[in-house]
Amino acid sequence: MFRKVLIANRGEIAVRIAQTLQEMGIRAAVVYSDADRTALHVARADEAYRLVGVTAAETYLRGDRLIEIARSCGAEAIHPGYGFLSENAEFAQACGDAGLVFIGPTPAAIRAMGDKISAKRLMQKAGVPVVPGWSTDGDADASTLRREAQRIGYPILVKAAAGGGGKGMRLVRGESELAAAFEAASRESKAAFSDHRVFLEKYIDRPRHVEFQIFGDHHGRAVHLFERECSIQRRYQKIIEETPCVALFPERRAAMGEAAVAAARAIGYTNAGTVEFILDESGAFYFLEVNTRLQVEHPVTELTTHRDLVAAQVRVAAGEPLPFTQDALSQDGHAMECRIYAEDPENQFLPSIGTLRRFLPPAGPGIRVDTGVTTGTQVSVHYDAMLAKLIVWAGSRHECLARMRWALRHFVVLGVRTNIEYLQHILAHPEFVAGRIHTHFLDEHPISIASADVSREALAVAAWASRGDGGLHLAGSGDGESDEAVSPWRSTRGWRAY
Ligand code: ADP
């Protein structure tokens, strides 16, 4: 087993990986930018190395520096986390070339899945259902395009082969829009990914996004760890994830699980990955893509399967067999994750920056909070605005929802705006409660937080927590000052009671 691993990341995922490494008796080395000198992941690490600069490009994306640091500090492996260099085949290759183990799949697997056209072809060959569509290796002439689109049937999505984060994607409702959409998607993709190749895909109406956690080792074993329902998205970004998915009965779950494992086998997949599917209203499912990394939402899988996915990643990367067989895996109870962002839902979800005056996450039975911030942390514009992941477990979906509502009500963040109230409104929506969700849920059911019924309990905690802060006082709290202007009961900006 490794003695030391370098975590090439920051924030909550660096903190989370460090915990598992330390539990395994492995030293956790981290890196930090100049903006992260006092970050929690640095405090938790056994060793920390400075990356000069502040922007991601100057720091966490500097593969050459990361490899240099890993080698000079004596780390045997690098865990990339998610984002940054986690799905960069060149970086994975460079780690190997430098004699370091990249904790993730092979560069070849990353490359194969990074191209949506080749990934789809590979999956089709392996018998995994894919969305009906059309692609070409060359350039498409207008008449071929029209003919193929006709065959697929409108509406159609034009997607970029190298796409990600919804970029280079265009919805085409009829033939008159086709040529222009093809051009535009191609141009956008060229600008964002230096790759102009786009393809056509049937647009599935109101689908669910259901993904399967897969895991492979270097001894020929490949398993899945069931599904995650990730349909609650805003602009293609997931914000609430849960497992099990209410739309899967045992036969369908088994069929999708088998397809996910077939996908893993088709690429000789090693380490942790995710096979994304869309599930239509009739119950048919289609392969979307494979994410070749540990996902943000992996904790809901951990809580229901009682497995540590990071520990399994480390073991597999070290050459050990997967610590579980398919038969040993089962789903227990229900888990849900809410992503807590420093953003302002009342102002187009713009990032909300500033110092966290108080950060008091809830704790209690069945509650897990993965975070990289503490009271005093400066939330900056340089990195992702996610403050924490609130994950809860309970025996049933009903109890899980009640627990999540309780936990959100007791989540105190002062100093920046957050989406906590917005999340509470989604969780209270009758359609969400009934499990009738799809990827357009938030477009079809706009959430207005203007009518927020502020929890008095959370307000009281917030007011109490901010006493002696020097900037916030509870009005009439008897401290001799009548500081109405900065009272948390009056303040309209810069803090949230829950
Ligand atoms: P990206 O890599 O840019 O995230 P994906 O292919 O994973 O692109 O798709 C992102 C999201 O777009 C999916 O979660 C789903 O909501 C939607 N989507 C993708 N393909 C289709 C499709 N054929 N029909 C309907 N929705 C789709």
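Residues are numbered from 1 along each chain as its sequence is written, and side-chain values use heavy atoms, with hydrogens and water left out. Because the model is predicted, local features need pLDDT of at least 70 and side-chain atom pairs count only at pLDDT 80 or more, whereas totals for chains, interfaces and linings use all residues.

In total, 21 residues surround the ligand, the closest being Lys116, Gly166, Lys202, Ile204 and Glu289; a residue is counted as near if one of its heavy atoms lies within 4 Å. The shell is made up of eight nonpolar, seven polar and six charged residues, where Ala, Val, Leu, Ile, Met, Phe, Trp, Tyr, Cys and Pro are classed as nonpolar, Asp, Glu, Lys and Arg as charged, and the others, Gly among them, as polar.

An oxygen atom of the ligand is 3.4 Å from a polar side-chain atom of glutamate 276. Taken alone, the ligand exposes 550 Å², of which the protein buries 93%, with areas from the Shrake-Rupley method and a 1.4 Å probe. Two or more residues of the shell are given by each of strand S7 (156-160), strand S9 (198-202), strand S13 (271-279) and strand S14 (285-291), strands being DSSP runs (E) of at least two residues and helices (H or I) of at least four, numbered from the N terminus.

Eight aromatic pairs are counted for rings of Phe, Tyr and Trp (its six-membered ring) with centres within 6.5 Å, planes under 30 degrees apart being stacked, over 60 edge-to-face and the rest tilted. The rings of tyrosine 60 and phenylalanine 84, with centres 5.3 Å apart and planes at 35°, are therefore tilted. Tyrosine 60 is buried, at 0% relative accessible area, whereas phenylalanine 84 is partly exposed at 29% (buried is under 20%, exposed over 50%, partly exposed in between). Phenylalanine 212 and phenylalanine 277 form an edge-to-face pair, 6.1 Å centre to centre with 80° between the planes. Phenylalanine 212 lies in strand S10 (residues 208-216) and phenylalanine 277 in strand S13, so this pair ties together parts 65 residues apart in sequence.

Note on methods: A polar contact is a pair of N or O atoms within 3.5 Å; within protein, one must be able to donate a hydrogen and the other to accept it, and residues adjacent in sequence count only if both atoms are side-chain atoms. Buried means under 20% relative accessible area, exposed over 50%, partly exposed in between (1.4 Å probe, protein chains only).
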